[in-house]
Amino acid sequence: MIDLRDKLVLALGERDGIPGPALEACAESAGAKVIYTTTQCFA
Amino acid sequence: MDLEEQGTIKRVAEGSGRDRMIVLLGTPNKSSTAMIALTLTQGDPSYAGPLAGVPLGLPIYHILELEVREAIPSDVYAREVGPLEDVLDVEGISAALKSVRAGR
């Protein structure tokens with residue numbers, strides 16, 4: 001298990017996978033600080 | 001990953017607290033995971049973007065990897081990731097990241 005506490009997270013989501021805000025919510029719930037969030041779209 | 005995105009990530013990664021930074025991916029398959037992981041660890045493989053020849057070297061994880069899932073409260077994980085865990089290629093994504101981490 002990785003330790004996300006106090007980590008600075010770049011959350012790179014994708015529309016066809018897991019979107020950025022979902023990654024952000026997960027990371028913050030584990031004690032990380034999200035410093036960049038995006039949801040890419042290749043369609 | 002488009003060129004503008006590469007530039008933004010490069011600027012963010014060059015900010016303070018780099019030793020605490022990690023990248024968390026939500027890519028949908030093996031190939032997209034490998035491409036982004038390669039770009040962020042070894043530099044843009046197409047040599048077209050701001051990350052060409054710029055290996056950021058940040059630790060990279062995918063939200064579907066077991067070691068990440070275990071770090072997140074189960075109720076949050078179920079709400080935010082939920083059924084996608086059963087739909088996406090977890091094994092392929094994990095294998096792609098292991099390969100990039102191993103430098104292959």
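Start by selecting helix α1 of chain A, residues 20-29: its buried residues are G20(A), A22(A), L23(A), E24(A), C26(A) and A27(A). Buried here says that 20 or more other C-beta atoms lie within 10 Å of the residue's own; with 12 or fewer a residue is exposed, and in between it is partly exposed, with C-beta atoms placed from the backbone. Helices (H or I, at least four residues) and strands (E, at least two) are DSSP runs, numbered from the N terminus.

A word on what you are looking at: this is a predicted model, in which local features need pLDDT of at least 70 and side-chain atom pairs count only at pLDDT 80 or more, while totals for chains, interfaces and linings use all residues. Residues are numbered from 1 along each chain as its sequence is written, and chains are lettered from A and ligands numbered from 1 in the order in which they are written.

**Stop 1: around α1(A)**

Keep the helix selected and show what covers its buried residues. The cover includes β1 (8-14) and β2 (33-40) of chain A, along with β1 (21-25) and α4 (74-80) of chain B. Now pick C26(A). Setting aside neighbours within four places in sequence, C26(A) is in contact with I63(B), I72(B), V76(B), Y77(B), E80(B) and V81(B); contact is counted when two C-beta atoms, placed from the backbone, lie within 7 Å.

Move on past the end of the helix. A30(A) sits in the loop between α1 and β2 of chain A. Is A30(A) buried or exposed? A30(A) counts as buried because it has 21 C-beta neighbours inside 10 Å. Leaving out residues within four places in sequence, A30(A) is in contact with L4(A), A71(B) and I72(B). Draw a distance from A30(A) to P19(A): these residues are 11 apart in sequence and 17 Å apart in space, C-alpha to C-alpha.

**Stop 2: K7(A)**

Select K7(A), in the segment before β1 of chain A. With 21 C-beta neighbours inside 10 Å, K7(A) counts as buried. Not counting residues up to four places away in sequence, K7(A) touches A32(A), R20(B) and I22(B).

**Stop 3: where the chains meet**

Color the two chains separately. How many residues of chain A are in contact with chain B? There are 29 of them, in contact with 30 residues of chain B. On the chain A side, β1, α1 and β2 are the elements that give two or more residues. That side divides into 18 nonpolar, six polar and five charged residues, where Ala, Val, Leu, Ile, Met, Phe, Trp, Tyr, Cys and Pro count as nonpolar, Asp, Glu, Lys and Arg as charged, and the others, Gly among them, as polar.

Next, show β1(A) and β1(B) as strands. They run parallel and are joined by five bridges; two strands pair if DSSP finds at least two bridges between them. L10(A) has V23(B) as its bridge partner, and A11(A) stands opposite L24(B).

**Stop 4: into chain B**

Stay on β1(B). Four of its five residues are buried, so β1(B) is largely enclosed by the rest of the structure. β1(B) also pairs in the parallel sense with strand β2 of chain B (residues 60-62), over three bridges. Here V23(B) stands opposite I60(B).

Zoom out to the whole of chain B. It has six helices and two strands, running α-β-α-β-α-α-α-α from the N terminus on. Buried residues make up 35% of its 104 residues.

**Last stop: the core**

Finish with the largest nonpolar core, a set of 38 residues in which C26(A), A27(A), L24(B) and I63(B) touch the most other members. A nonpolar core is a set of buried Ala, Val, Leu, Ile, Met, Phe, Trp, Tyr and Cys residues joined through C-beta atoms within 7 Å. At least two residues each come from β1 and α1 of chain A, and from α1 (3-13), β1, α2, β2 and α6 (90-101) of chain B. Which element supplies the largest share of this core? β1(A) does, with five residues.
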